[in-house]
Each structure stands twice: as structure tokens, then as C-alpha cells.
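The sequence and the structure are shown first.

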Amino acid sequence: MLSLLIKEEIKNYFPEMVKLRRYMHMNPEVSFHEKNTAKFIENYLRELGIKDVKTNIGLNGVVARIKGKDSSKTLAFRADFDALPINDEKDIDYKSKIQNTMHACGHDGHTVSLLATCKVLMENIDKLPHDIVAIFQYGEEQAPGGAKPMIDAGCLENVDAIFGAHLWTPLPLGTLGYGY
């Protein structure tokens, strides 16, 4: 099953994921100003060999479509990538370089998790039963947010189901919470 494959293979990319997340953590951009972050995401997706990458969706959104064997069904995954206007006061080597801006809510982790998922999917594209859409949403932290403009721009067209994740430290490791 593809989900088990992803779970096992993604472990191989942990060092790369740490490196990417730390890069994002050091270079945050607040809601509606995520131009460099969107470019970073676009470049990574293109380096993976994804041909269908759309940018400036809604404003700064990025959407990638990975073609599977059968395009009759499409599953989407969504991650957000904006930062908060908070000063990073941690004393760590990957501290935010941008005054009064930091990834305090885990959006750097959301984005890197979806980038790594895309990498595993591209490496196993011959096993991909249906199409996958990776949605990278800008402006989640500031109302009205980037979701509605991205939806209005068509990011959910022909999508049968969508999943998103949110890092949430109150949940114990291995626990799944959900909302709808």
C-alpha cells in the first residue's frame, strides 16, 4: 500500500527535512508577503521533476499536480507556509534572521512534510494509483487568509478529497486528532 511506503521511505529524508525546515525557520515571511518562500517551494518541486507546478495562486499560493496511473480520482494535501509577526528569542543556530518574524506555529514543519511527501511520491510515481495535488497555502495566519482566494483560483478543481495537517504539541506522539 502506498501510504505504508510513504511512511517508511520518508524516514530516509529526515536529515534533509531538518535542513529544509531550518532554512525556512531562518527565512520566514509574514502572511501575504511570502514571495521568497513561495519561490523556494516552487524551485524544490521543480527539482523533483514535477512538471505541473502553478504559482501565484490567489496571491502567493503554490499548487503542484502529480499524475498517477488513473486521473479519474484526485487526492489533495494542503500545507501552509506563512509566519507570524513575533520576534524569535531562541538562542539556536537556526534562529530567524528576520526581525519580528518567525515560524512560531509550525508552518515550516507543515511545508517541509508536504515537500518530503512529494519527493517520495515522485520517486514512486509508477506505484501512484491516482493523481495527487499538493497545495501550499499562503496567508493562513491573517484573516481573511489565503484559502478562499486559492479556492476561487481553482486549486480544488477536480479534487475528490483533501487532507491537511497541523503540528500541535499538546497531542502525545502517535496520537491523531481531527476536525472538520
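In this predicted model, helix α4 is largely enclosed by the rest of the structure, because 15 of its 17 residues are buried. The helix covers residues 107-123, and at 1.5 Å a residue it should span 24 Å, which agrees with the 24 Å that separate its end C-alpha atoms.

**Salt bridges**

Side chains of opposite charge can pair when their charged atoms come close.

| Salt bridge | N to O distance |
|---|---|
| E16 and K119 | 2.7 Å |
| R46 and E42 | 3.0 Å |
| K67 and D131 | 3.6 Å |

The salt bridge between E16 and K119 reaches helix α4 from another helix, since E16 belongs to α2 and K119 to α4, and the two residues, 103 apart, link distant parts of the chain. Within this pair, K119 has a relative accessible area of 17% and is therefore buried, the cut-off for that class being under 20%, whereas E16, at 26% relative accessibility, counts as partly exposed.

R46 counts as partly exposed at 37% relative accessibility, while E42, at 11%, counts as buried. These two residues also belong to a network of salt bridges that links K39, E42 and R46.

For K67 and D131, whose closest N and O atoms are 3.6 Å apart, the partners come from a loop and a strand: K67 lies in the loop between β2 (61-66) and β3 (70-80) and D131 in strand β4, so the pair ties together parts that are 64 residues apart in sequence. D131 is buried, with a relative accessible area of 2%.

**Aromatic pairs**

A pair of aromatic rings is described by the distance of the centres and the angle of the planes. The count of such pairs comes to 3 in this model. In one of them, the rings of F32 and Y138 have centres 5.7 Å apart and planes at 75°, so the arrangement is edge-to-face, the class for angles over 60 degrees. F32 sits in the loop between α2 (14-26) and α3 (35-47), and Y138 in the loop between β4 (130-137) and α5 (147-152), so this contact ties together parts that are 106 residues apart in sequence. Y138 counts as buried at 1% relative accessibility, whereas F32, at 24%, counts as partly exposed.

Notes: Residues are numbered from 1 along each chain as its sequence is written. This is a predicted model: local features need pLDDT of at least 70, side-chain atom pairs count only at pLDDT 80 or more; totals for chains, interfaces and linings use all residues. Side-chain values use heavy atoms; hydrogens and water are left out. Rings of Phe, Tyr and Trp (its six-membered ring) pair if their centres lie within 6.5 Å; planes under 30 degrees apart count as stacked, over 60 as edge-to-face and the rest as tilted. Helices (H or I, at least four residues) and strands (E, at least two) are DSSP runs, numbered from the N terminus. Buried means under 20% relative accessible area, exposed over 50%, partly exposed in between (1.4 Å probe, protein chains only). The expected span of a helix is 1.5 Å times one less than its number of residues. A salt bridge is a side-chain nitrogen of Lys or Arg within 4 Å of a carboxyl oxygen of Asp or Glu.
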